[in-house]
Amino acid sequence: MRYDIRNFLATLPFLALLVGAAPVASILPDGTYRYDITVGGRSVGTSTIVIHRDGGAIAIGESASLAGTAVVSGRKIDESSFATVSYAGEAGGKRATVAVVGNAAAVMQNGVSARFAAPSDAPIVVSDNRVAAFAQIPAMLHVTGAKKLTLACVCGGQFVLLPVTVVGNNSGVLTVSIQSTTVSLHYDPESFVLQRAEIPAQEAAFVLHSYDPQPTALPQPVTPTPRPLPAARYASREVAI
């Protein structure tokens, strides 16, 4: 089975591996972040992310649309390590949940449950093919020093694991490899906030449009008219459920 990257276009953010440790409170500061998503310079969707601290955890909510599909999700990550704790999302009336302890996770999707374990040197990030999946990556890599991640994707009724490797980090631009696909992530080196993500092979990008330091209620996603997107250019490793 081949995994279609066009569903993945809305999900890639940022990182900096700094010499000095930044205070945790300054990383991914609370507030409301709005992103524009484009392919070939044409708008195909938007994403609103709301971040706030909640009793030792960071809650990240997202309301997003991409090429005619909408997702609303919420996740919690540990405030000290930025490790994934939990995820719940819904798209098209279908719901998925993920609970993570260390590098082990339990998934429930479309009424079917599964368990999996990621490599010990590749922390888990849950993806639903939108921006928020990667909002935790910069801080996670900064704190742990990891060079690899496991992208656990609950993607349109499928569940796949995608290996992510850091291949370069220069002057506020992080380059990662998701199997054979290269992604460039432009970030703020102090807050680790994504400014722009680019997938050159797909002519895709998402760009931070605005930031409000006040967390607001998530809006309902506005579903745009579907537009054709480029075909996938990498294969995935499927995990049977």
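My entries below go from the whole chain to a few residues.

**Ground rules.** I am working with a predicted model, where local features need pLDDT of at least 70, side-chain atom pairs count only at pLDDT 80 or more, and totals for chains, interfaces and linings use all residues. Residues are numbered from 1 along each chain as its sequence is written, and side-chain values use heavy atoms, with hydrogens and water left out.

**Whole chain.** I looked up the secondary structure and found 1 helix and 16 strands in the protein chain. These are DSSP runs numbered from the N terminus (helices are H or I, at least four residues; strands are E, at least two). Of the 241 residues, 47% are buried; buried means under 20% relative accessible area, exposed over 50%, and partly exposed in between, with a 1.4 Å probe and protein chains only. The accessible surface is about 10200 Å², and carbon and sulfur atoms hold 54% of that. The areas come from the Shrake-Rupley method with a 1.4 Å probe, and for residues only the protein chains shown count as cover. I also noted contacts (heavy atoms within 4.5 Å): among those between residues at least 6 apart in sequence, 56% join residues at least 24 apart.

**S63.** Is S63 buried or exposed? S63 is buried, at 3% relative accessible area, and belongs to strand β3, residues 57-66. A polar atom of the S63 side chain sits 2.5 Å from the backbone oxygen of P219. Leaving out residues up to four places away in sequence, I find S63 touching T46, S47, T48, V71, V72, L218, P219, Q220 and P221.

**Salt bridges.** How many salt bridges does the structure hold? I get 5, where a salt bridge is a side-chain nitrogen of Lys or Arg within 4 Å of a carboxyl oxygen of Asp or Glu.

One of them pairs D30 with R53, with the closest N and O atoms 2.8 Å apart. D30 is in the segment before β1 (31-39) and R53 in strand β2 (residues 42-54), so I logged the pair as a link between distant parts of the chain, 23 residues apart. Both ends are partly exposed: D30 has 27% relative accessibility and R53 has 21%.

Another joins the side chains of D121 and K148, at 3.1 Å from N to O. Because D121 lies in the loop between β8 (112-117) and β9 (124-127) and K148 in strand β10 (residues 148-155), the pair ties together parts 27 residues apart in sequence. D121 is partly exposed at 40%, as is K148 at 36%.

E198 and R196 also meet through their side chains, at 2.6 Å from N to O. E198 counts as partly exposed at 25% relative accessibility, and R196 is partly exposed at 32%. I then noted that salt bridges with shared partners join D30, R53 and E79 into one network.

**Around R196.** Which residue in β15 stands opposite R196? That is V207, while the bridge partner of R196 on the other strand is H186. Strand β13 (residues 181-187) runs antiparallel to β14 (residues 194-199), with 4 bridges between them; strands pair if DSSP finds at least two bridges. The β14 strand is also antiparallel to β15 (residues 204-212), again through 4 bridges.

**Hairpins.** The β13-β14 hairpin has 6 residues between its strands, and F192 there takes a positive phi near 65°. The β14-β15 hairpin has 4 residues between the strands, with E203 at a positive phi near 55°.

Notes:
Polar contact = N/O pair within 3.5 Å; in protein donor to acceptor, adjacent residues only side chain to side chain.
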